[in-house]
Amino acid sequence: MNLLLSLTEKCNLRCNYCYYKSSQVNRELEMSDEILEKSIKLALERTIKLKHEFFNITFFGGEPLLRVDAICKGVEFAKMMVESERAKLPKNFEMHFAVNTNGTLFSNDLLDFFQKEKFQIYLSLDGPEKKHDISRVKINGKGCFKDIAPYIPRLVDMDATVLSVVTRKHVQGLADSVKWVFEQGFRGMSTAVDYDGKWTGEDLDALALEYQKMAMFWFDFRNAGKDFYLGTIQDKITYDVLNTRQKEQSCSISKGGFGVAANGNVFPCSRFVTSAPDAKYVLGNVLENGLEMFSGPVAKDLCHFLENDKPECKNCAIKYRCSAHECGCTSFYTTGSIYGVSPEVCTHERILTAICDEVLEKRRSQGYFF
């Protein structure tokens with residue numbers, strides 16, 4: 001079970017590609033203790049009902065480190081609840097905590113806490129200072145890399161995962177930024193494209209060249225016996241090798257996970273989360289509804305999405321490895337509907353998949369297997 005908690009809509013940055021800049025316009029709402037506790041209770045009930053062997057809680061925002069108090073309360077409350085329900089859980093049950101952060105509010109004491117509780121840290125980092133500060137800026141417009149840099153060595157030691165966003169301004173030198181991340185010692189990262197509807201053929205050609213460089217960089221490292229996770233390349237290859245689909249391999253919706261907005265509204269995943277009164281795909285509210293919300297109209301619509309192919313993708317050879325077809329989040333934020341298909345995403349996925357398939361064939365031709 002994966003539970004994502006949007007502890008606050010406040011953020012100390014104003015990244016120009018932030019997908020919450022329209023859905024969390026006021027950036028004021030914070031999650032109450034009551035909603036925090038009810039969310040954890042509900043997720044644990046669902047964990048027991050679905051007989052899951054794990055319970056992952058991810059603290060999210062806004063910037064969740066603005067609510068360290070809520071993170072600490074959430075950890076202690078979750079541990080207490082798990083102990084009280086231990087008899088109903090599988091013997092091999094495990095609980096894990098994670099945090100998605102821009103990394104500008106760390107302290108050694110806070111990292112001590114995360115280390116003690118075995119947190120997985122997902123760090124927003126777009127590369128070295130010149131690249132990172134293109135879009136990740138403070139409210140005053142200044143870059144924030146210098147706030148993160150002192151903690152990079154410790155974050156490496158804690159096996160933090162780097163998440164990078166690729167805008168049209170970041171394309172040139174993307175592969176070099178990826179190499180820089182791994183040169184710092186990080187051993188896990190993924191890049192995600194900012195689909196803004198303005199990517200041109202020239203932009204995508206430039207991105208394809210960077211992807212080719214990234215793929216060969218990953219390929220050379222693997223050939224040298226060095227293991228690292230570069231999700232941008234590796235995931236597409238994994239879906240093919242395991243003959244599985246993206247929905248089955250990496251989609252929290254398909255596994256019963258959910259996200260909770262600061263006002264208690266429940267959504268299927270992170271990109272849907274908002275406290276806006278006109279929000280789409282609201283399953284229910286933790287203050288008003290219980291497990292029954294997961295069998296309501298919105299939940300049934302999500303099940304339909306998970307169980308059926310999009311008609312326009314019917315004859316596509318890569319549809320089960322394609323975010324335009326498989327990812328409800330990507331479809332929603334690029335088209336406004338989980339059933340929509342963005343031409344921009346579709347083109348990107350064709351380019352990336354072709355590059356990954358070429359790398360896979362090279363590895364196979366050299367006798368390597370996954």
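Author: A term first: two strands pair if DSSP finds at least two bridges between them. Strands (E, at least two residues) and helices (H or I, at least four) are DSSP runs, numbered from the N terminus. This is a predicted model: local features need pLDDT of at least 70, side-chain atom pairs count only at pLDDT 80 or more, and totals for chains, interfaces and linings use all residues. Residues are numbered from 1 along each chain as its sequence is written, and side-chain values use heavy atoms, with hydrogens and water left out.

Reader: Which residue in strand 6 is the bridge partner of valine 166?

Author: Valine 193. Strand 5 (residues 161-166) and strand 6 (residues 188-193) run parallel, joined by 5 bridges.

Reader: What is the strand order in the open sheet?

Author: 7-6-5-4-3-2-1-8-9-10, so named for its 10 strands, with mixed pairing. Strand 7 (229-230) and strand 10 (284-285) stand at the edges with a single partner strand each, so one side of each has no neighbour in the sheet.

Reader: Switching to rings. How many aromatic pairs are there?

Author: A search of the whole structure finds 17. Rings of Phe, Tyr and Trp (its six-membered ring) pair if their centres lie within 6.5 Å; planes under 30 degrees apart are stacked, over 60 edge-to-face, the rest tilted. Phenylalanine 114 and phenylalanine 119 form a tilted pair, 4.6 Å centre to centre with 35° between the planes.

Reader: Are those two buried or exposed?

Author: Both phenylalanine 114 and phenylalanine 119 are buried. Buried means under 20% relative accessible area, exposed over 50%, partly exposed in between (1.4 Å probe, protein chains only). Together with Phe59, Phe97 and Phe113, they form one aromatic cluster.

Reader: And why is the pair of tyrosine 281 and phenylalanine 332 edge-to-face?

Author: Because their planes are at 90°, with centres 5.5 Å apart. Tyrosine 281 lies in the loop between strand 9 (265-267) and strand 10, and phenylalanine 332 in helix 13 (residues 328-335), so the pair ties together parts 51 residues apart in sequence. Tyrosine 281 is buried at 14% relative accessible area, and phenylalanine 332 is buried at 17%.

Reader: Last topic. How many residues has the largest nonpolar core?

Author: 111 residues. Such a core is a set of buried Ala, Val, Leu, Ile, Met, Phe, Trp, Tyr and Cys residues joined through side-chain atoms within 4.5 Å. Phe114 is among those with the most contacts inside it, as are Leu5 and Phe186. Helix 8 (residues 201-223) gives the most to this core, with 10 residues.
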